[in-house]
Amino acid sequence: MSVRIRQVWDRLFTVLCSGSVGLLIAVLLLFLVPMIVKGGKAVFFRQTVEFRKMQRDLFGRGDLDSLHEAIARTGQARQEVLARIEQFGRGIDTKLLSDEAKDAYRKYGLELRYREVSREEYSRLRAAAKDIRDNFLAALDSTEEAAANRFLDQVDLHRDSPEFQATAVETFFTLSKQYRRILDEMDLAHREEYAAELDIVKTELRNLLGPLPGESTPPLPQDRFGATRWDVAKKHLHYLLYQTKWVPGDSGDGRLVKKEIRRDDPEAGLFAGTELAPLFSMMEKNLERMLEPEWTVYGRYFLDDSTSGHYFGGVGPEILGTLVLTVLSMCFAVPLGVLSAAYLVEYAGDNIAVRVIRTCINTLAGVPSIVYGLFGLAFFVLIVGRPCILSASLTLALLALPVIIRASEEAIRAVPQSYKEASMALGSGKFRTFLTVTLPAAGPGILTGLILSLSRAAGETAPILFAGAVALGPIPDLGLKFRWLFQPTRALSYGCYDITVGDRLAMRVPHNQFGMVFTLILLVLCLNIAAILIRSRMSKKLQGM
Amino acid sequence: MKKRSDHSMQTDAAAGFSRPLRLSAGQDLRGYLTGRAARTLLFITAFVSVAAVLLIFVFVVREAVPFFKSTDAAASLSRLKEFLTRTQWFPEHEAHPEYGVLAIIVGSLYVTVVSLLIAVPIGLLAAVFLSDIASFKVRQICKPVIEILAAIPSVAYGVFAVMVAAPWLQKHLGFTTGTNALNASLILSIMALPTILSVAEDSLSAVGRDIRQASYGLGATRAETMIRVVIPAAGSGILAAVILGMMRAIGETMVVWMASGNAAQIPSPWWDLSQSVRTMTATIAGELGEVPKGTTHYHSLFAIGFLLLIFTFTLNLISESFLSRVKRRQR
């Protein structure tokens, strides 16, 4: 091979090698950046007045006076929109109008009864009123504009007759006037379509502004408030403004393409030219005044309990559960791990027993985490009696054991032989030397291992799937005579799984889905960075700096 | 072991030393017994991990055996054969439940092999970079990055696969579903990389300087030295790295459960990565929560767990033998 080619190949090799490390760093960033940016939105976001209402109602915090002021301000901004949607709804949903018509007829009957009229007069007027009512209802039912107008003409015939002046029958005339106006603007043939779209518009309005006036308070907390966050509000505003339609594409092969049409678009929009049309531009223009968004740091996210499906609130119980599980598992694993490591370093020679022990530790480290889950179910749950914190943390302890043993072994090995020799020379035995000299000297190293296995245990999901983690449950009541040991608990890792693929409701709040993962990653990262810092300080100390 | 029988130690030099250097018989015995007791205690604690491995095997087998148990040995054997060779996995079928685990094993191996195909070259090249190319400073920066990559919980990777990677794949590569073999393999390769990288780097560093210098002295470039000399010399350690990465990938649960699509089928054509597969771990994780205890389905899941245990145990023994070869060479 010529020298030139060899040189090029050498360069290429170097580039490839550094490129793969660069790729690794890029992968890490590619993973961390979206997770942290999206998850951070659970904590840093623009809150709306609905968020403040929710915090007040569900968590009882926030200043009531300023909240009332804000509600009054936003209420004013919302007034016109809400009035408009109600008005338009009457035209589409004829049930309201027909109910009013029937009501007026009934009222007129009562009025007649209290008036001094003869029997014939009574039945004549009553029949006339009935005629008006039937005509009006027929107008409501007819699907053609001409026919509807004809019926309305019949109604209006009586408008000027003096006998109905100042009676309940006059209601019919105002109703007919209203309905005429609706007929002018609306194509009756599309009434069904209008009704369907109006339903969507109403749902989106509810999503934005909370329950519409006149509706009762919904039982589920997630329906009680409008858009609590500005990013969510903008999403719903888009749904409100645009209608998605599947239309034949330009390619001409009959494939449908998705197209978004603005609902008040003068040419294609369904609501163009109707009374509702101004609502959309109004919403677009005034949404900020209706919701009053402002930047906020929702620090209580890490402490708050959540409503069902993590729709509102934070990850407090999950963090608590994870901490309890991991700390308890460390209580089991650390003494065992450190003592095992002490045996392997200080006492064990190279015999069969030690080799078996080492093989077993390696095997333990290699056992898939789901098999730990199986074992936890088949053994610890069997012993303890039910899936609970105790069985879950025992399972995690077993998982963390090999990590701790290896780390402690390394740390103990790193203690200079001279320390031990000095202690021995002073007459203390092997075990005493270990307890009073080696262990303190190896302390930081063991601590590093402990922190790393803590972070591993905090992130493991598969072992606790069947051993005591639940997605929804009461917060363990710590303190109560160790009863909490026998309760199941929520945990961050299991919560992350559940909120992403298990919970339908949570899928509507991606910021909370990412927020939980963000919390878990943050926890693990903090633990790891702490471990890295401790280790670097230690290595400096060993170098005598 | 520390009997002080030497009387000549007792001299006036220790006049200022208040404690008598000579131990009484009782003290001596006590010291001896404490030492023995401590030794025994430590041995017992060290034996806990052995006990744990035994317990894991015993209890997983105990729950798996009823699945194969039948009227006689021949029937049990045919049951086992059916379990391992059939591809139909319909444990919840009312009339004819089927427990053929072959498609699931193939699924596990499939994502594992694909992820290794991605992870091994990258991991090996990166290991070469860290052991032979990078300066001390660069290494100091790269190490924590790799540690963090290894520390990120698998469920977080799973969420990434479902919520970020899957929509991206679906949008840009035109797959019908984003949760498929490719997605799972990509994420698994990220998870296996740190393991492969660190073990491979250790074994590359274990190859002596003299070998490298001999190669350079003969006029070889760095690329030639690494490829022709150092990597072959570190061969068994690198194989161990690959096997450890494989164990990591085959035992991983949350990522494959969330990202692989969980369809119990053998991909056909075999190279079609856009198809959904199902792995052993995902089958256990997905179904164990819902089956009543003591049913055939329940025991069949433990049988899968036992298979998994055997897989990893074997791989572990192989990697250990490779690593011990590396260690022997170091000495």
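**Entry 1: a helix pair across two chains**

I began with α18(A) and helix α5 (residues 154-172) of chain B, whose axes come within 9 Å and cross at roughly 15°. The axes are lines fitted to C-alpha atoms, for helices over the stretch in contact, and angles run from 0 to 180 degrees between N-to-C directions. α18(A) and α5(B) are therefore roughly parallel, the word for angles under 35 degrees, while over 145 is roughly antiparallel, 65 to 115 roughly perpendicular and the rest oblique. Helices here are DSSP runs (H or I, at least four residues), numbered from the N terminus.

I noted that the model is predicted: local features need pLDDT of at least 70, side-chain atom pairs count only at pLDDT 80 or more, and totals for chains, interfaces and linings use all residues. Residues are numbered from 1 along each chain as its sequence is written, and chains are lettered from A and ligands numbered from 1 in the order in which they are written.

Which residues of α18(A) meet α5(B)? I found S493(A), C496(A), Y497(A), T500(A) and V501(A). Their partners in α5(B) include V155(B), V159(B) and M163(B). Contact means C-beta atoms, placed from the backbone, within 7 Å. This contact divides into 8 nonpolar, 3 polar and no charged residues. Ala, Val, Leu, Ile, Met, Phe, Trp, Tyr, Cys and Pro count as nonpolar, Asp, Glu, Lys and Arg as charged, and the others, Gly among them, as polar.

**Entry 2: the whole interface**

Next I looked up the chain totals: 68 residues of chain A are in contact with 70 residues of chain B. On the chain A side, α1(A) gives the most, with 18 residues. That side holds 47 nonpolar, 17 polar and 4 charged residues.

**Entry 3: a pair inside chain A**

I then turned to helix α4 (residues 94-114) and α5(A), whose axes come within 10 Å and cross at roughly 175°. That is why α4(A) and α5(A) count as roughly antiparallel. Among the residues that meet are L97(A) and Y105(A) from α4(A), with L125(A), A129(A) and F136(A) from α5(A). By class I have 11 nonpolar, 3 polar and 3 charged residues here.

L125(A), A129(A) and F136(A) are also among the buried residues of α5(A). Buried means 20 or more other C-beta atoms within 10 Å of the residue's own, exposed 12 or fewer, and partly exposed in between, with C-beta atoms placed from the backbone.

**Entry 4: a loop proline**

Last, I visited P162(A), in the loop between α6 (145-156) and α7 (170-185) of chain A. Is P162(A) buried or exposed? It counts as exposed, because it has 6 C-beta neighbours inside 10 Å.

Key
Contact = placed C-beta atoms within 7 Å.
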